[in-house]
Amino acid sequence: MTDFAGLTSVLGSTLGAWYDFRDLNNLQRLITEWIADWGPDWLASIIAGVLGTLGILGVIGPTLLILIWVERKVIARFQQRYGPNRVGPKGLLQPVADAVKLILKEQLAPRAADKLIFFLPPVLIFVPGVLIWGVLPFGPRMSVADLNVGVLFLLAVSGTTVLVIFMAGWSSNNKYALFGAMRAVAMSISYEVPMVLALLTLVVFSGTMSINGIVEWQQQEDVIFILLFPLSAIAFFFAASAELNRTPADISEAESEIVAGYHTEYSGMRFGLFYAVELGNTLVVSAFIATFFLGGWWLWGLDQWVPSWIILLAKTGAVYFLLIWTRGTLPRLRVDQLMSFCWKALVPATLLFVVVAFVERTLLISEGWDTTVALPIMAVFNIALTLGAIMLFARVSRPAALRRPARIRMAGTEIGGLRAARQVASRTEEPQFQVGGD
Amino acid sequence: MSDFGFHLAFWSLAAMTLGGASMIMISRNLIHAVIWLVMSMLGVAGLYLTLSADFIAVVQVLIYVGAISVLMLFAIMLTPRAERDNSQNMKTGGPAALVVILVMISTLWVAIDTDWGAVREAALTEQARLIGESLIKHYILPFEIGAVLLTAALVGAIALARQDDEDAAVHASSLQAELEGDASVDPVDVVDPPIPSDGEAGS
Amino acid sequence: MIIGLEHYLVLGALLFCIGFFIALSKKNAIGVLIGVELMLNAVNLTLIAFSRFGSAEVALSTQVFVVFIIAVAAAEVAVGLALALVVYRNRQTISVDRTTLLKG
Amino acid sequence: MTMSDDTRLAMQGTIEALTSGDGSEPVVVNLGPQHPSTHGVFRLKVTLDGEIVQDAEMRIGYLHRSMEKLAEERTYTQNIPFTDRIDYLAAMSNNLAYCLAAEELLGVEVPPRANAIRVMFAELQRVASHAMANGTFINDCGAWHTPLFHMFRDRERVLDMFEMTCGARLTTNYMRIGGVAFDLPDELLPTLEQFLADMPENIANYEALLLENEILHARARGIGVISPEMAINSSLSGPVLRATGVPWDLRKANPYCGYEDYEFDVPVGEQGDCFDRFLVRMAEVKESLKILRQVVDTLPDGPWLADVPLHARPDPGESYARVESPRGELGFYLVSDGGPAPYRFHCRPPSLINLTALKEMSIGGTLADAIVTLGSIDIVVGEIDR
């Protein structure tokens, strides 16, 4: 990004026009205009597209390398370790060393693998991973394509990843891989519903399906959506981390159960590509959470002074840290638990908030309520509703096994077999140690 | 869009669509067939884009690629390996080919020979909004019927694919018997440990 | 040459015929479903082509129609696959020519 | 938009119905011998219907080193290093059990200071081993190594103390027939004091961080349940048995090394599930710290090793000694024919016998449950295969 900004200003000054570095769109306009002077216009649009793609890749690539380092370092800190600190200053070059190692490793393929389908996924998985970046607005007009169905595009493209994962898992001809693939498919189909519903809340309330439109709505109304629809934000966060296969929902590559899930059989750089795309998706999903719920490139007027994409990156970093945090902290849920959490908790909750958003939107539009007064009231109401819903869920959803507390008693003088066990169990005084339960 | 770009897009997408469809016909493995189907459908989605129908294109990717194909793969995975063979054709392939050729000739003839009076107006903008509005204004009845249909499909699919509890119990007990063999002597005479029921284990 | 309505119609017709042939000739029930999906796609493509090259009101109504078709197709696949599964469970096969219980 | 949601709902219904049904044939999955959560080279052959475990079969022997046979060719003292390698996470306990058996055979009286030191190291070993067991258990529940690394800090300090005392961290070879190999070094007791001062806070931290974790509850409560009757009939021992509510601890039931002089309690669970095993281990660490406190306070002076000839030739006979190792009842059975080497050397490994209950515990649960159950049994493959 920064290289581009520098290039823009240099080009701008040489051409005698000032191109604002805050808006990278100016660069594209500059290039297309320049090519249109001497060449056909289709060439201009193709070159602009290629440059945009290269720009995105040029940002993603180095960012990924830094992200690997950041993630490892942060997780190491959670675990009271140092983390990588040998290669390069502060271990910064560790990801490069890892990448070199991965590239040099032998690329193995199982003999019984379905060769064509086995070789395709590491490449194919890049396609949605890169396409998603196309609709991310880095600034007021700064996205590769500001589609008016941007939200749908985002969902559609992210939904195709699952097919690639299935191809990888199935073609490996490995039971772990197949299990991982099937789990990934079931998960991603389930968690797409709360994801869609959470975004539907925003679409209904802001009245636009364009991603930039949603940011602009937040800017216009001076409010960020996490305050208005906190439950949707939480549901989206959880659903996204489930789709990204990160703990507590990393069942499709659950190390302790199915080794590495769908990419068990991939070695060398093929595995590296899966890993890179996973990290890249984590980053882009953080960026989208920041965009949808934290106001994206906008921050109460600060975007007038700071380049908008820096604001977006800062917010993205915050969300990304949250994702690392959950990963470093939480154990993994079981497949059926994740499924029932999705269908019994997230879907009803997000559905409720779609209705709430619909009612509130009607109040704003048809009843003509004043937004400056109505929005704070709605925010307070929705936050209260969210807390109520979460508490209700915590109360209602507990399975019977979790309702009784787990107790540890001290045996005292009774030592022996079943009779002693019964005596200890029949003691009426409070157990020494009690945890959980309602 | 300029002519060259448009031509390039149309012909490559057409090749992708028809190529994918033909590969379904000749692929021997059902899973390959589904993956070719995905390619074909992505081609169709691209063609929608060349027709300036971006909403439909995105919906196509969302439903067909993201959902229907995945569902098909799921169903294929649930049938045993022997049933994943796509190479077998019906014995009535000859007459079927004849019928298809007749259909092809007639449709192509209609398509080419008719004067459609095509007008090339500016494409619709904000299609999502327009479609949404017309769905709940002009087409509210079909929309509701569609909703009912989907609900019926939901219930129907579950009712069909669900196994009756009785069947499941019989199946489980037969499996258990299979696993235990004829070990009739239970070495320990104790009450069974409480195995959490589904409701408890779930969630 | 300008790419016009006819191109899309021909493409749609060819796609329909391929789907039709697959649906008629495949033994595997899921294979048949794939063929049906192709046919529906061909119809959708034709409709969208009419939408692009028709007048404004045609443009909108065809697109709405396509939305309905996609929804119905999804429902059809869900039920169809469930049927295939039930057939497999009861008959241990999903070949359409071997499920002939209703044949006299 | 709404359409697509409805569609997806419809599809999900199908998928749920499909995945719960019987459309698929059972799949046999080999967990191991190379698998991240089999804690060594051990193979668990599970038959799965979907994700439900229908059958689990243990295949062991990948780490068999023929220790029991090799021991018949070595003198009684030379066999002590073998015992380190039986249960490599609780070498001290293994040393101790073997030495007790050999002492019984030889009729050696152990000096009181040696007994106190033995108790001290056996309990330190319990702290270290339970830290490892609980850490890896939560890892098997799917945590990203964080609890494991936190608990490793405690284990690390214990191993430092081992190193201080006998020069080795894992395979200690510290106990001798008739006592211990070396007296305590000067710096050990201050280190131990510091450790005892720090541990309550660490344990309180773990309890605050882990015990109320809803996901951990969801994963471990009601999973891998075994009834007390079944546990007794399977001759389980250690935390796995005590989690079912049976108060059986050899330190109380059959005291050795003067355990009867120390005041401590035996924690027992209620449900016999994975979470109870985890809790029992947590509580046992606290009890071990209590014992350690008393040992440090009442450490007697005097010799630390009885006078036993290096190549002792016990009279023909047999002996069996058992201790409460971190994993359960660890026993050594020795037969002497009067020669310098045991005629028969047999170990009763708690891991192996506890593992036999795995099938009972895991059938009917999911694959993930089986892994968690395996983690909660806390096996050491070196001990299973010997």
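The structure is a predicted model, in which local features need pLDDT of at least 70, side-chain atom pairs count only at pLDDT 80 or more, and totals for chains, interfaces and linings use all residues. Residues are numbered from 1 along each chain as its sequence is written, while chains are lettered from A and ligands numbered from 1 in the order in which they are written.

The order of elements from the N terminus is α-α-α. Of the 104 residues in chain C, 64% are buried; a residue is buried if 20 or more other C-beta atoms lie within 10 Å of its own, exposed if 12 or fewer, and partly exposed in between, with C-beta atoms placed from the backbone. Contacts require C-beta atoms, placed from the backbone, to lie within 7 Å. Among the contacts in chain C between residues at least 6 apart in sequence, 51% join residues at least 24 apart.

Chain B has eight helices and zero strands, running α-α-α-α-α-α-α-α from the N terminus. Buried residues account for 35% of its 203 residues. Of the contacts in chain B with a separation of 6 or more, 57% come from residues 24 or more positions apart.

These two chains meet: 63 residues of chain C are in contact with 71 residues of chain B. On the side of chain C that touches chain B, α1, α2 (29-53) and α3 (56-91) each supply at least two residues, and α3(C) gives the most, with 23 residues. That side of chain C divides into 45 nonpolar, 12 polar and six charged residues. Here Ala, Val, Leu, Ile, Met, Phe, Trp, Tyr, Cys and Pro count as nonpolar, Asp, Glu, Lys and Arg as charged, and the others, Gly among them, as polar.

One helix pair spans the two chains. Two packed helices are described by the angle between their axes and the distance between the axes. Helix α1 (residues 3-26) of chain B and helix α1 (residues 5-25) of chain C have axes that come within 9 Å and cross at roughly 10 degrees; axes are lines fitted to C-alpha atoms, for helices over the stretch in contact, and angles run from 0 to 180 degrees between N-to-C directions. The two helices are therefore roughly parallel to each other, a label for angles under 35 degrees, whereas those over 145 count as roughly antiparallel, 65 to 115 as roughly perpendicular and the rest as oblique. The residues that make the contact include F10(B), A14(B) and L18(B) of α1(B) and L11(C), L15(C) and I18(C) of α1(C). By class, the contact has 12 nonpolar residues, four polar and no charged.

In chain A, helix α9 (residues 175-206) has 32 residues that should span 46 Å at 1.5 Å a residue, and its end C-alpha atoms are 46 Å apart, which agrees. The expected span is 1.5 Å times one less than the number of residues. Helix α9(A) is mostly covered, with 30 of its 32 residues buried. Just after α9(A), G207(A) takes a positive phi of about 70 degrees.

Chain D brings in strands. Strands β2 (residues 43-49) and β3 (residues 52-59) of chain D pair in the antiparallel sense over seven bridges; pairing requires that DSSP finds at least two bridges between the strands. K45(D) stands opposite E57(D) in β3(D). Two residues lie between the strands of this hairpin, where G50(D) takes a positive phi near 70 degrees.

Chain D also contains an open sheet of three strands, ordered β7-β8-β9 with antiparallel pairing. Strands β7 (317-325) and β9 (344-348) of chain D stand at the edges, each with a single partner strand, so one side of each is left without a neighbour in the sheet. Neighbouring strands of this sheet are turned by 10 degrees against each other on average, direction ignored. Nine bridges join β7(D) to β8(D) (residues 328-336), and G317(D) has S336(D) in β8(D) as its bridge partner. Helix α4 (residues 91-106) of chain D lies across β7 and β8, running at about 150 degrees to β7(D).

Finally, R277(D) lies in helix α12 (residues 274-297) of chain D. R277(D) counts as buried, with 30 C-beta neighbours inside 10 Å. Not counting residues up to four places away in sequence, R277(D) touches P239(D), V240(D), A243(D) and S376(D).

Conventions:
Helix = DSSP H or I, 4+ residues; strand = E, 2+ residues; numbered from the N terminus.
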